[in-house]
Amino acid sequence: MVSIKQFIANRPTSARALATLVATIALLGLAIIVDPLNDTYLATASIMAIAIVGLSLLIGLSGQVSIGNSGFMAIGAFTTAIWAQHHAHFPLLGSMALSVAVSTVAGIVLGLPSTRLRGPYLAGMTLAFAFAIPPFIQSLGTFAGGSGGLYFPTLQTPAWFASAIGEKDNPLAANNTWGAAIAIVVAAVAFFFMANFFHSRSGRAMRLVRDNDVAAELVGVNVARTRVLAFAISAAFAGLAGSLLAIIQSSVLPQTFGVALSIELLSLLVLGGLGTLGGAMIAGLIAAYSDSIVSRINSWTGIDPVSNLGGSLKGIIFGLILIATMLLAPSGLAGLGHRISRFVRSRVAQKKALSVSETP
Amino acid sequence: MIDLLTSRVMGDIFLGVTQGVLYGLIGLSLVIVWQSTNILNFAQGAMAMFATYVGMTLLEHGLNYWACLAISVAAGFVLGGATERVLVRPLYGKPEINSIVVMVGFLGILEAGAIAIWGGTSRMIVSPFSLSYFQHNGKTIFLSPFAILQIAAAVTVMLIVAGLFRFTKLGLQLRAAALAPEVARLLGVRVNRLLTLGWALASAAGAVAAVVISSGFEGLTPTNMDVYFVFGFIAAAVGGLESPLGAVLAGVLIGMLQQFIVDYAPPSWASFSPVLILVVALMIRPQGLFSKQRVRRV
């Protein structure tokens, strides 16, 4: 009988595949059990987790700060939406693949300057990009819906799925569950890819480029290509998230994808923990439930949600979280969990050592 | 002569320069902060906006333009100094990403906070100078008394900053603190105090830009300084982040280029022109157009 530890060490990819499968089945079960409202939260959590883990690769692994990923989400969302406009029965996988392809190309183009620019210069450039995207989409005119955005037919739940979950007579509930199921499965595939990439040769090369680009070049890593690759993958994930968002909401608005979304992604990523998969998952959940958490805070404190203060409360809280995390716990929630478990383990070890020394 | 002034090209130049000096002012504040603390202040535009709103509120009744300007600049000075003390000081010696994240977070707080306090609608400070363009024989010269004030204000701020840095003892200490903080400290310069002063000065210079914007056609909203920050950053980056004069010149240049693109190119080009200008300029000269510093190879 092989122990779990040995299995993980000997067959890491199989272990990750198994873990992904178990998590996916558990989440799908959860999506079927919970009510339609929580289904939409699960879908949002999966979508945001995809975008955040992509940003985590770029910032945490390759060390390049981007405030432009809202722009790639917009590109992904609008590619899907425009495609859906022209094809009445658009295939889900096809439109997602198209969105990923288009945003990857955009990522490579924006990533090219990263071979020459560093740190704040690069971050500023991505900010300028994020800033340019919504007005650019509006200026495309009716093709991209202008400032009114695009609407297209809602997601069709297949009959087999509705009857399988026993919601044949409740199309709305079935629809929400179907949307959540798609988002969960896509997120699972994305996270499986990312888990393998983090431990791949390219992933290690990225870490080396982040820590010491001269050393990386000396051991034969192509620094320029590695930097651009990080941008491309990060953009692909953001594009995928945008495409899913468009599919599930069956509408897109250019204003949704402003700089504020980029700041939100960055806050959530830092809060969850840079460069960790678990952190990105936590961050996705927080993203999905943040609105209802904020409305809870509104009702506790008695702040009118439609007043100026109520409307901007979320922004203020996000900003405070961002600063507090960076100044007090730079490794985020994932790092905090890690620290606590290490603390507990060292305490247990101490106790054991004490009891051993007391026995003789 | 007059025909030239009313021509389309001269109109674009006038409009571009008027807009460009504002980018230059924000760029100048970014350069001061960068030089003294090696931090790119993503909240520079938002800090200027916040300071100007404070000035407006204090003078809601019986508005005197010059008093409002003075109070806003003073508010900017205090806000800048306080920011350095509270938020920025723990960041020295930390990785670059920490300062980027904290300043982006501060940007979010200032904008959301301004909406919470003052609402999201546009506010104006009415200036004593007319916004309407000069006319000649039924043709328009795209300059107004206010535009001339705007350009004059930017030039004045720049001269004050340049004079302060070059000709005063304080300026010498500021430069020493930025260039070699340890040596400066050993020679008795109070480096920490000077870093606070650097942030305060930069923020005050930014506040001048926000006051001017609030008297223009669009007025001031909690978020419309974003665009000025982006262009100001591009100006500072193109100028080399090290050169105050370079930032102002680059700002004027970018203002003109943008005006020409808006006037002559299809509308969808205009939104991407800033990114393109930045990328092209930095690909040609990564150290900036006006910087003497050599860039590290690799």
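**Note on a two-chain predicted model**

1. Chain A has 360 residues, for which a compact globule would have a radius of gyration near 21 Å; chain A has 22 Å, which agrees. The radius is taken over C-alpha atoms, and the globule rule is 2.2 Å times the number of residues to the power 0.38. The C-alpha atoms of chain A fill a box of roughly 80 × 55 × 50 Å along the principal axes.

2. Basis of the values. This is a predicted model: local features need pLDDT of at least 70, side-chain atom pairs count only at pLDDT 80 or more, and totals for chains, interfaces and linings use all residues. Residues are numbered from 1 along each chain as its sequence is written, chains are lettered from A and ligands numbered from 1 in the order in which they are written, and side-chain values use heavy atoms, without hydrogens and water.

3. Confidence in chain A. The mean pLDDT (the predictor's confidence in each residue, from 0 to 100) is 87 for chain A, and 98% of its residues reach 70 or more. Confidence in chain A is lowest in helix α15 (residues 332–358), with a mean of 76. It is highest in helix α11 (residues 223–249) of chain A, at 94.

4. Secondary structure. Chain A has 15 helices and two strands. Chain B has 13 helices and two strands. Helices (H or I, at least four residues) and strands (E, at least two) are DSSP runs, numbered from the N terminus.

5. Overall form of chain B. For 298 residues, a compact globule would have a radius of gyration near 19 Å; chain B has 19 Å, so the two agree. Its C-alpha atoms fill a box of roughly 65 × 50 × 35 Å, taken along the principal axes.

6. Burial and surface. Buried residues (under 20% relative accessible area, 1.4 Å probe, protein chains only) make up 48% of chain A. In chain B, 56% count as buried. The accessible surface (Shrake-Rupley method, 1.4 Å probe) is about 16,800 Å² for chain A, with 68% belonging to carbon and sulfur atoms. For chain B it comes to about 13,000 Å², of which 68% belongs to carbon and sulfur atoms.

7. Contacts in sequence. A contact means heavy atoms within 4.5 Å. Among contacts in chain A with a separation of 6 or more, 76% join residues 24 or more positions apart. In chain B, 74% of contacts between residues at least 6 apart join residues at least 24 apart.

8. Charges. Lys and Arg count as positive, Asp and Glu as negative; His and the chain ends are not counted. Each charge is placed at NZ of Lys, CZ of Arg, CG of Asp or CD of Glu. Chain A has 20 positive and 11 negative charges, with mean positions 16 Å apart. Chain B has 17 positive and 11 negative side chains, and the centres of the two sets lie 15 Å apart.

Conventions. Buried means under 20% relative accessible area, exposed over 50%, partly exposed in between (1.4 Å probe, protein chains only).
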